[in-house]
Amino acid sequence: MITSENKNQVDKIWNIFFSNGINNPLSVVEQFTYLLFIKMLDDKEIEKESLANSFGISVLNPTFPDGFFVEPDHERGRAGVRYHDLRWHVFREMGAENMFRIVRDYVFDFIKQIGDDESAYTRYINDARLEISYPDILQSIVQGIDNLNIEGDYNHVMGDIYEYILDTMAANGASGQFRTPPHIIRMMVEMMQPTVDDIICDPAMGTAGFLVESAKYLQEKFSEPLMDEETQARFNSTMFNGFDTDPTMMRIGSMHLMVNNVKNPSITRRDSLSQNNNDEKLYTLTLANPPFAGSVNASSINAALKQITDTRKTELLFVAQFLRGLRLGGRCASIVPDGVLFGTSKAHVSLRKELVENQYLRAVISMPSGVFKPYAGVSTAILIFTRTDNGGTDRVWFYDMTADGYTLDDRRTPTGETDIPDIVNRFLHMEGEEGRTRKDKSFLVPVDEIRSNGYDLSINKYKEIERVKVEYEPVSVLLSRLGNTEKEFAKGYEQLTKMLEEDA
């Protein structure tokens, strides 16, 4: 959890960006990301140097070697720039003008050339450039980043800071669609219980929130297995897979993973719905919140998806791709708009029928419409299913979530009332659901009933609303009471008038 001290400092840095012309929140996050990365490079190098000095040895494969990054050119009067000058703790002491020149002209070129095999982040910064236009502004931001308190577990603190930066981006009204609420992500991860043997994927990764939360969960629950060299190698590479079409999201998402100890995840810029995506039976767990209410060009859609649901609607095609990408026995938890649950088109029904009849549809969790406010008021649900290719759905678990810990208006202030612990507990202990009725928050629905309802998965189709008969007094009694009240009023009015006349 980020400290209030660091929250205040991030807010100050954010305001420096905004008050000096960088008012696109995505641009702020990108610039913030680059500068944090540059600082992290130097901080990590200082750690390595300290460790090497304690053993009396030199740093192996230093990030900032001895010598020149740009050689001097005496004929042209150019002094050259040493790698040493590109280090955060060095250029921050150069004064505003010199620091600005070093960062703009050399540091950004340097970070494009290092670590190609070390982190996914470095693969997505070829077009990185400094957008800060004035030396004094850069100096203020650098000082602000230096004032962040990064004591304790470095990566953990940096991860918390980066999470807060992304939250601030969403709070400033940009790209909210990329930002699934962290508590909803955590709920879904806890329900799916990833293990170190999983191969986890988010085909619409955005800022990589699902992958990051899965990584945190694994580090909490499997700290000892992750000590194993082979497992650690997979954790830093093939265990986490993500795709997105937006290069900005690739940069932000890869940085998000890196600061949470995932060094080189398998993330790629691509359209998961296109003909170029050959992913099939690769992953054991998919967690996602794909784009809603969009349509794609029919000619670009992967033919394998059309066999599941012949449509151009992205919310249906993504669910089809989640299914296609899973191995047999693989699990998926995905947020979908409510229309996926009850839409009557042939494509809607065929997708739901596929999940019910040919796969194992486990759960439908209905969420209140305010979960994604202030960015959208759309009603959503979470679909949870397992790929079997041989059916297995006997009953489907429904849960009517009405509270997620925050108000359901645009302000989204904490309330303390939440169904999330109950949802996770009941999902993981399904044996306790046997005696539940349709009047309860959660209940089981037999597959035959779902078939008879045309594979409709909306909770209102099955939930029983308890109506309490209200007895009202007879009209004659109400009129009598009204008459008595009117008499009392007239009496009081008369007394008041008399008192005023006596005083006069």
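Start by selecting K39: at 9% relative accessibility, this lysine counts as buried. The model is predicted.

**First stop: K39 and D146**

K39 forms a salt bridge with D146, and their closest N and O atoms are 3.8 Å apart. Now colour helix α2 (residues 25-55), which holds K39, and helix α5 (residues 135-146), which holds D146. The pair ties together parts that are 107 residues apart in sequence, because each partner sits in its own one of these helices. D146 is partly exposed, at 25% relative accessibility.

**Second stop: R186 and E220**

Select R186 in helix α7 (residues 182-192) and E220 in helix α8 (residues 209-221). Their closest N and O atoms are 2.7 Å apart, in a salt bridge. This pair ties together parts that are 34 residues apart in sequence. R186 counts as buried at 17% relative accessibility. E220 counts as partly exposed at 48%.

Move to strand β10 (residues 395-400) and pick R395. Its salt-bridge partner is E434, with the closest N and O atoms 2.9 Å apart. E434 lies in the loop between α15 (420-428) and β13 (442-446). The two residues are 39 apart and link distant parts of the chain. R395 is partly exposed, with a relative accessible area of 32%. E434 counts as partly exposed too, at 48% relative accessibility.

Go to helix α14 (residues 346-358) and select R352. Which side chain of opposite charge is nearest to R352? D456 is, at 5.7 Å. R352 is buried yet has no salt bridge; the cut-off for one is 4 Å. Show the contacts of R352: leaving out residues up to four places away in sequence, R352 touches G339, V340, L341, F342, G343, G454, Y455, D456 and L457.

**Last stop: the whole chain**

Zoom out. The chain has 17 helices and 13 strands. Its radius of gyration is 29 Å, well over the 23 Å that the globule rule gives for 504 residues, so the chain is more spread out than a compact globule.

Switch to the surface. The chain exposes about 24600 Å², and carbon and sulfur atoms supply 48% of that area. Of the 504 residues, 50% count as buried.

Finally, colour by charge. There are 54 positive and 75 negative side chains, and the centres of the two sets lie 5 Å apart. The structure holds 27 salt bridges.

How values were computed: Residues are numbered from 1 along each chain as its sequence is written. This is a predicted model: local features need pLDDT of at least 70, side-chain atom pairs count only at pLDDT 80 or more; totals for chains, interfaces and linings use all residues. Side-chain values use heavy atoms; hydrogens and water are left out. Helices (H or I, at least four residues) and strands (E, at least two) are DSSP runs, numbered from the N terminus. Buried means under 20% relative accessible area, exposed over 50%, partly exposed in between (1.4 Å probe, protein chains only). Lys and Arg count as positive and Asp and Glu as negative; His and the chain ends are not counted. Contact means heavy atoms within 4.5 Å. The radius of gyration is taken over C-alpha atoms; the globule rule is 2.2 Å times the number of residues to the power 0.38. Accessible areas come from the Shrake-Rupley method with a 1.4 Å probe; for residues, only the protein chains shown count as cover. The place of a charge is taken as NZ of Lys, CZ of Arg, CG of Asp or CD of Glu.
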